[in-house]
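Dear colleague,

I am passing on the structure below, together with notes on what was found in it. Please read the notes alongside the coordinates.

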Amino acid sequence: MASSDLRDELSCSICLNVYTDPVNLRCGHNFCRECITLVLDKQRGSGAYSCPECRATSKKRPQLQKNIALCNITRRLQSNQTAQVVLGVTCTYCVHALVPAVKSCLLCEASLCDDHLRVHSKAAEHVLSEPTANPDSRKCCVHKKILEYYCTQDSTCICVSCCLVGDHKGHQVETLDEAFRKKKEKLKDVVEKMGSKIEEAVERVPNLREHTRRVKKDAADMTKRVNLLFTDIKKQIEVEHRNALSNISAKVNLAQIEVSDLERKMSEIAWKMKYLENLCNMSDPLAALQQLGDERIIHTPHDDIKRYNVSDFDAPHFSERIQTYIHDKIKNINVWLFMEDPVDLLLDVNTSATNVQVSEDQRTVSWSDTIQNLPETPERFEKDQVLGTRSFSSGRHYWEVETSKDGTWRIGVCYPSMERKGNECVIGNNQKSWCLSKLHSLAVVHNHQVDKVVLTSGNRGKTSLSSSCHQVLKSLDTCARYRT
């Protein structure tokens, strides 16, 4: 208690913690330097400065005087507290040495070593607990009595007065031991479930590592192909660039030639016009006819003028050619560039119908004549089908499934809001699902509409589906329906 009182005397009234770099005002009150500096800064401009403790005012900002004695005391107190933290809770009665305590008496509010525990009172009111440096934490904050019971309604520890006259009067209460025993059972169940989750995760680690290895290998291959692709595109763009510049230069040269030729023709015509005008002005017909001579000189002038049509530059033509080339290149690699590896799916047993058998590893499913006694849940299907545990919000995905050769099955995707009962709950028989169905032949089914599937040869030598079943690859919750 003395240590607690001393700590109160050494606490700053602003931050309520032990002084840090203590300083005092002229009124004698002490504060942390940082705390009082902040207070004085806020009072700036108000016309007066006041002490937060006694409200003594002054017009000038008070000078802060360091309290050296208080600094030494707080430094020693903090070093002693650090030593106690290192050593743990020590015996209250061993004043000459720091002896670790083995028990704490809640009534005496004292910690006891082995020697003092032997001579301590054995009366029932002297309740012993594990060593604690703060006995008040084991007492009721209202009645200051030992916490002995647990209120199940409010989920809190209470004392006997809380049960009889306090806020918990009439509530269902248990002893601390009984409440802790029940809590431990629940915690054990939680731990077991967490352990099963960890086991599932551990089982998936090898597959994920293998998946990561394949992704890295495919990424390296894709990087090479992409680099080659865009190198080719860059070369083609450079070729188009040179062709465009050459075409532009040719257009300019042609325009210059046409202008020069036109100017030469115009000069010749002007000379001919002036020559003819001079002949017309001659008074001697004989001289004029002798100079006229060749009849070709009197041809109509515009017959010698060629009408030139200087065309504009066809810039969109180059842009269109480049865009078409790049589009064709990208279109050919779009599928293999962005297609992910097969999705690793598990089946959700909470959605499986009662006549559907899901394996323990949640990877295979089959139809059965035996009706299972499964709990009724809102997610469970009435028809023989089951959902996968994983959903997709975007992207392009695919998964690989092995099916029986002779049986019938449906596999596809659906929205989570698809019906669970009635004919509308069958995948493909509503607007919220798409599926690939195998009855007599392969077909895509959506909203009761059936489109037959034609198998074609893929680019990689694998079998792929025709475009009529691409709607099955929508990014929705996976759903499979099997029947053998």
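**Confidence and conventions**

The protein chain has a mean pLDDT of 78, and 79% of its residues reach 70 or more, pLDDT being the predictor's confidence in each residue on a scale from 0 to 100. This is a predicted model, in which local features need pLDDT of at least 70 and side-chain atom pairs count only at pLDDT 80 or more, while totals for chains, interfaces and linings use all residues. Residues are numbered from 1 along each chain as its sequence is written, and side-chain values use heavy atoms, with hydrogens and water left out.

Two stretches call for caution. Over residues 82–87 the pLDDT stays under 50, and the model has 1 contact beyond four places in sequence for them, where contact means heavy atoms within 4.5 Å. Over residues 458–484 the pLDDT also stays under 50, yet for this stretch the model has 98 contacts beyond four places in sequence.

Helices (H or I, at least four residues) and strands (E, at least two) are DSSP runs, numbered from the N terminus. Helix 6 covers residues 176–280 and has a kink of about 35 degrees at Val205, shortly before the proline Pro206; the bend at a residue is taken as the angle between axes fitted to the seven residues ending there and the seven starting there. Among the buried residues of helix 6 are Leu229, Ile233, Glu240, Glu258 and Lys272, where buried means under 20% relative accessible area, exposed over 50%, and partly exposed in between (1.4 Å probe, protein chains only).

An open sheet is formed by 3 strands in the order 10-9-11, with antiparallel pairing; two strands pair if DSSP finds at least two bridges between them. Its edge strands, each pairing on one side only, are strand 10 (156–158) and strand 11 (173–175). Neighbouring strands of this sheet are turned by 35 degrees against each other on average, direction ignored. Axes here are lines fitted to C-alpha atoms, for helices over the stretch in contact, and angles run from 0 to 180 degrees between N-to-C directions. Strand 9 (residues 149–151) pairs with strand 10 in the antiparallel sense over 3 bridges, and Cys151 stands opposite Thr156 in strand 10. Helix 6 lies across strand 9, strand 10 and strand 11, and runs at about 95 degrees to strand 11.

**Loops and backbone angles**

Most residues other than glycine have a negative phi. Ser155, in the loop between strand 9 and strand 10, has a positive phi near 55 degrees, and at 48% relative accessibility Ser155 counts as partly exposed. Asn447, which lies in the loop between strand 17 (442–446) and strand 18 (449–452), likewise has a positive phi, of about 55 degrees, and is partly exposed with a relative accessible area of 27%.

Phe392 is found in the loop between strand 14 (386–387) and strand 15 (408–414), and counts as buried because its relative accessibility is 10%.

**Cysteines**

A search of the whole structure finds 0 disulfides, a disulfide being a pair of cysteine sulfur atoms within 2.5 Å. Cys32 is in no disulfide, and the nearest cysteine sulfur, that of Cys15, is 3.9 Å away. Cys32 counts as buried at 4% relative accessibility, as does Cys425 at 0%.

Kind regards
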